[in-house]
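Please look at the sequence and the structure together. The text below goes from one part to the next and asks where residues lie and what they pair with.

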Amino acid sequence: MSDDLTLNYRGAFDGRLPFGRAPALLIVDVARAYVEPDSPLYVGNDDALRSNERLIAAARAAGVPVIFTRVAYQPGGVDGGLFYRKLPALKCFEDGHPLGDFPDSVRPSPGELVVTKQYASSFFGTTLASSLNAMGIDTLLITGYSTSGCVRASALDALQHGFTPFVIRDACGDRHPSPHDANLFDLQAKYAEVIDEGEALRHLAAVPGSTS
């Protein structure tokens, strides 16, 4: 099936985007809700969390900005609109709920940008695009949860806002491998470059001024 898909897409959906000169690492919604087994949103993939830990350390060592997103709602989800109504599990992200917090191993450092959002895309209804423009960023290395939801939406909107999206497959997770793999395939075909952690680390090490 994989070979059939590749052949079917060849010549129409096999373009490539170059890595830019000024990247940032965008950590999408890496929250306790996705990494703790008793959570209704648990993705069951500790490897993705470990990959995020390594990528964050490498980005900081290279002097590459690390940007975190988080989901937060007022009590009752009055600011969550139809998205909140569609997904009852989003109650985990009401203000003060412990599952909405960052895991201990993946947390912003003082001075790092944290974008609070209510919808899937990290760009929708937020100041992320204007912040990236002010920072001179042209490329986003994107990780987080879930691949088929907020990661996909953020990568698509990154492209549409003029930031080259590089999605790091090892550092993303979903509840099942099928939507994870299908969405990575579609992102690579149409909207982003999908790379592994090793390639992402090489890009970070090659950033001018990197000490890694």
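**A walk through the model**

Glutamate 53 and arginine 50 are three residues apart in helix α3, which means that about one helical turn separates them. The model is a predicted one, and this pair is a place to begin. The two residues form a salt bridge, with 2.8 Å between the closest N and O atoms. In general, side chains of opposite charge can pair when their charged atoms come close.

Helix α3 takes part in another pair. Arginine 60 forms a salt bridge with glutamate 112, and here the closest N and O atoms are 2.8 Å apart. This pair links distant parts of the chain: arginine 60 is in helix α3, while glutamate 112 is in the loop between α4 (81-86) and β3 (114-117), 52 residues apart. Arginine 60 counts as partly exposed, because its relative accessibility is 34%.

A further salt bridge joins arginine 107 and aspartate 101, whose closest N and O atoms are 3.3 Å apart. Which residues are linked with them in a network? The network of salt bridges consists of Asp101, Asp104 and Arg107. Arginine 107 is partly exposed at 32% relative accessibility, and aspartate 101 is partly exposed at 30%. How many salt bridges does the model have? The count comes to ten.

How many residues make up the largest nonpolar core? This core has 37 residues, and those with the most contacts inside it are Leu25, Ile27, Tyr34, Phe93, Leu141, Tyr145 and Ile168. The elements that contribute two or more residues to the core are β1 (23-28), α2 (32-35), α3 (46-62), β2 (66-71), β4 (139-145), β5 (164-173) and α8. Helix α3 gives the most, with seven residues.

Glycine 144 has a relative accessibility of 0%, so it counts as buried. The C-alpha atoms of glycine 144 and phenylalanine 93 are 16 Å apart in space, and the two residues are 51 residues apart in sequence.

Two details of the backbone deserve a look. Most residues other than glycine have a negative phi, and most peptide bonds are trans. Where does the model depart from this? The peptide bond from tyrosine 145 to serine 146 is cis, with omega near -15°. Tyrosine 145 is among the core residues with the most contacts, and serine 146 is in the loop between β4 and α6 (147-160). The other detail is at aspartate 29, which has a positive phi of about 55° and is not a glycine. Aspartate 29 lies in the loop between β1 and α2. Is aspartate 29 buried or exposed? Aspartate 29 is buried, because its relative accessible area is 2% and buried means under 20%.

Aspartate 14, in the loop between α1 (2-9) and β1, is partly exposed with a relative accessible area of 40%. Its C-alpha atom is separated by 43 Å from that of glutamine 74, 60 residues apart along the chain. Alanine 120 lies in the loop between β3 and α5 (128-135) and is partly exposed, with a relative accessible area of 21%. The C-alpha atoms of alanine 120 and phenylalanine 83 are separated by 8.4 Å, and these residues are 37 residues apart along the chain.

Terms used:
Residues are numbered from 1 along each chain as its sequence is written. This is a predicted model: local features need pLDDT of at least 70, side-chain atom pairs count only at pLDDT 80 or more; totals for chains, interfaces and linings use all residues. Side-chain values use heavy atoms; hydrogens and water are left out. A nonpolar core is a set of buried Ala, Val, Leu, Ile, Met, Phe, Trp, Tyr and Cys residues joined through side-chain atoms within 4.5 Å. Buried means under 20% relative accessible area, exposed over 50%, partly exposed in between (1.4 Å probe, protein chains only). Helices (H or I, at least four residues) and strands (E, at least two) are DSSP runs, numbered from the N terminus. A salt bridge is a side-chain nitrogen of Lys or Arg within 4 Å of a carboxyl oxygen of Asp or Glu.
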